[in-house]
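Open the model in your viewer and get ready to click along. We will go from one stop to the next, selecting as we go.

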Amino acid sequence: MKSFWARFLGNPRVLAGIAWLLVVAVVAVFAPLLAPVDPFEIVDKPFLVPSGDHLFGTDSLGRSIWAGLAHGARTTLIIAIVATLSAVAFGAVVGALAGYHGGLVDDALMRITEFFQTIPSFIFAIVLVAILAPSATSLVVAIAVVSWPPIARVVRGEVLSVKSREFVQAAVIAGQGDTAILLRQVIPNTLSPLIVTGSLLVATAILTESALSFLGLGAPNLMSWGFMVGAGRSFLRDAWWLVTIPGVAILLTVLAINLVGEGLNDALNPRLADV
Amino acid sequence: MSAPSTQPTDAAPVLSIDGLTVALPAWSDRPHAVENLSIQIRRNEVLCVVGESGSGKSVMAKSILGLLPAPHVRVTAGRIAFEGEDLLQVAPERLRAVRSGRISMIFQEPMVALNPLMKVGRQVDEVLQVHTDLSARARRERVLGLFDDVHLPEPARIHGSYPHQLSGGQRQRVMIAMALALEPALIIADEPTTALDVTTQAQILSLLKELQGKHGTAVLFITHDFGVVAEIADRVAVMRHGRLIEQGDSAPVLRAPREPYTRDLVAAVPSLIPRHPDPAAVDDHVLAVRALSKTYGGRSSFLGVRSRGVEAVRSVSLEVPRGRSVALVGESGSGKSTLARCIVGLEQPDSGAILLDGQDIAGLSRAALRPYRHLVQMVFQDPFASLNPRQRVGDIIALGPTLRGVPRDVAWDRARELLDMVGLQREAVGRFPHEFSGGQRQRIGIARALAMDPKLIIADEPVSALDVSVQKQVLDLLDELRLELGLSMLFITHDLRVAAHVCEEIAVMRRGEIVERGSTARIFAAPAHEYTRALLDSVPGKGWEH
């Protein structure tokens with residue numbers, strides 16, 4: 001049996017995904033160096049076609065699309081990753097407690113989870129941002145609040161199956177307490193599905209963030225890909241690059257994350273990948 | 001042992017496998033599952049293929065019917081000649097016709113092999129509907145006849161039952177009826193009795209033998225159990241690492257195997273002759289269970305639906321004398337595991353007392369129980385589920401002592417000593433469980449139990465998941481350690497051979513009650529209860545002593 005890394009990195013789709021994500025990450029980290037202008041600043045005439053002067057052209061107000069793309073990558077990635085980490089942390093705690101304790105705790109926590117799942121998630125996110133007033137923080141909160149239920153369900157299922165294994169009983173017989181058993185014995189054995197679900201969740205978070213920004217509910221002073229698509233949509237026929245360039249960036253990034261996520265899944269569950 | 005058929009069998013073999021080689025995918029631990037294997041089965045003959053796990057016996061059976069998990073596992077060489085055709089060359093449609101009409105298969109787990117949403121009568125009927133021109137009424141007659149053939153009670157009632165309404169033995173009888181429906185020339189039975197209780201296993205084996213004689217069918221019987229071989233086989237083929245080691249008539253192979261590997265396997269089957277002498281009576285009990293009862297279920301759920309409880313243990317009393325080993329013998333569902341779980345504090349009994357070294361621990365909370373935990377430790381059944389795959393062996397063994405306040409380095413040093421004691425290398429402390437085989441993992445489990453310096457060890461079927469040759473080693477190890485360290489042991493098993501090997505006393509449990517108790521020698525010589533007698537009669541290969 002090959003090692004995890006050999007299986008993961010031996011997959012060409014994973015390599016393609018990682019390559020694109022690396023490009024996006026480098027651009028996001030070094031945005032101030034690569035595009036040393038404020039993305040909201042007017043740099044030239046509006047509607048300039050992509051050329052040597054302006055790599056991706058300018059938008060309806062004469063702002064540089066390259067600067068928007070680079071700074072937008074920052075906003076989009078930070079919001080998506082922070083939101084996902086919060087959702088995974090909260091969902092994992094809820095799922096672990098429900099799965100491990102069972103009975104009434106499980107019933108109560110799972111009914112709450114279902115309550116969140118029954119509300120259409122995008123509409124719920126819009127309502128949350130509207131109530132909280134648009135800002136980066138409220139975007140993170142809104143995305144995290146609508147994304148944690150699937151994590152909770154995945155972790156609960158895993159904990160249910162792991163806790164019935166004999167090594168957990170052995171820990172009980174050795175005298176280990178509940179919290180220590182949950183943290184040391186159970187949780188480490190639920191990590192693989194959690195990592196896969198979490199990585200795919202980043203893609204959903206990017207889409208949600210872009211959609212909210214598209215509707216004008218994004219962070220007001222931060223450039224983002226969704227905002228660029230939203231601002232350029234009325235000029236689609238006259239200046240295709242306004243919408244197409246950030247749109248393709250969103251498409252490729254979400255695709256890359258899905259490729260990597262599926263690669264993780266195949267590498268962590270090699271038996272499943274064979275079938 | 002049943003006498004091997006001495007009447008001449010038809011000369012031409014029903015099935016002839018020549019030079020069969022099955023390749024495994026590149027990432028496997030060996031290149032071939034089966035290598036250059038040749039065997040023949042004649043009409044009216046039971047050929048037992050015996051081997052330990054990984055010997056390739058099931059792959060061999062699957063390749064006959066074209067059931068290999070393609071494309072990873074595939075036949076690369078050889079011929080499988082059946083009634084004049086090479087099954088490896090025929091078209092898929094032809095193979096499908098052969099599969100259900102001329103060769104049929106019986107699986108290990110009848111609950112999985114039967115469709116849970118379909119009445120069993122209909123499932124057998126379907127086979128006839130696809131392959132014969134019989135009218136609906138004629139088919140029903142035939143199915144009822146088949147059910148009668150396999151000695152199912154009230155065939156008409158069974159005909160309209162769903163699989164879950166039948167017992168494991170009844171389900172396996174339905175599977176056999178289905179296998180016989182088209183009067184096949186060959187039946188392939190892959191461990192058909194492994195999932196069944198001993199008494200049921202004995203009935204199914206005698207049924208198979210009876211039907212095989214009646215219809216003159218050839219049977220390819222795959223098993224890991226030499227007791228079963230002694231019970232049913234006319235001829236035996238022993239496989240190891242995909243190769244045929246030895247084959248021949250069953251009596252000579254079982255009594256005087258030629259090959260060293262076969263000899264080791266046969267010698268590893270525990271004898272039915274009790275090993276420990278009749279012990280003197282002792283009044284000093286490490287463990288005394290008094291009138292213990294435990295009912296599962298009966299909890300009202302969220303929506304207020306109340307389920308009826310199952311009385312798993314009913315007012316059981318049992319003692320384990322100091323320094324003795326007591327076997328708790330029973331079939332699945334007899335409550336023996338529940339009793340063990342109550343004693344180690346994994347379950348709370350409803351009533352009764354558990355006196356551990358004189359201290360009643362029944363009903364104590366987990367916190368209150370902590371000071372007594374080290375007195376009783378457990379060795380688990382499944383060597384793969386009982387060790388945390390993400391912890392080092394040292395941490396696994398040292399867990400109990402460190403929780404009791406032993407410094408980590410001291411606990412790790414002790415873990416090294418214990419590994420040495422159970423026959424593993426000291427360096428194993430730094431490795432992870434997946435680097436060890438099943439038998440080695442079970443040794444680690446034993447070291448973990450010993451790390452707490454317990455007075456009593458509860459072993460819950462500790463060898464039932466292991467291969468025969470490893471079983472013997474682990475049993476001997478447990479027995480030696482117990483005598484050397486002066487431990488007492490409560491040994492839970494369904495296998496009387498195992499009980500005879502390591503225990504001085506036996507308690508027989510059925511439906512939550514202990515029906516008979518006594519010294520092993522006395523129980524084997526003069527069983528008093530009818531159920532004990534039935535259990536003893538059902539031990540496969542009881543007349544065969546090597």
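Begin by showing chain B and chain A together: the area buried between them is about 2300 Å², and carbon and sulfur atoms give 54% of it. Buried area here is the accessible area (1.4 Å probe) that two parts lose on being put together, summed over both. Keep in mind that this is a predicted model, in which local features need pLDDT of at least 70 and side-chain atom pairs count only at pLDDT 80 or more, while totals for chains, interfaces and linings use all residues. Residues are numbered from 1 along each chain as its sequence is written, chains are lettered from A and ligands numbered from 1 in the order in which they are written, and side-chain values use heavy atoms, with hydrogens and water left out.

Next, select the residues that touch across this interface: 28 come from chain B and 24 from chain A, where contact means heavy atoms within 4.5 Å. Which residue does D178(A) form a salt bridge with? Pick R366(B), and you will find the closest N and O atoms of the pair 2.8 Å apart. One salt bridge is found between chain B and chain A (a side-chain nitrogen of Lys or Arg within 4 Å of a carboxyl oxygen of Asp or Glu). The interface also has eleven residue pairs in polar contact, both at pLDDT 80 or more. A polar contact is a pair of N or O atoms within 3.5 Å; within protein, one must be able to donate a hydrogen and the other to accept it, and residues adjacent in sequence count only if both atoms are side-chain atoms.

Now stay with chain B and colour domain 1 (1-102 + 217-268) and domain 2 (285-538) separately; these bounds come from an automatic or database domain assignment. The C-alpha centres of the two domains of chain B lie 37 Å apart. Six residues of domain 1 of chain B are in contact with four of domain 2 of chain B, and about 560 Å² is buried between these domains. Select E52(B), H224(B) and A268(B), which supply 64% of the area that domain 1 of chain B buries against domain 2 of chain B. Three residue pairs are in polar contact across this domain interface, both at pLDDT 80 or more, and the count of salt bridges there is zero.

For the last stop, select I343(B) and look around it. Leaving aside neighbours within four places in sequence, I343(B) is in contact with residues including L287(B), V376(B) and L490(B).
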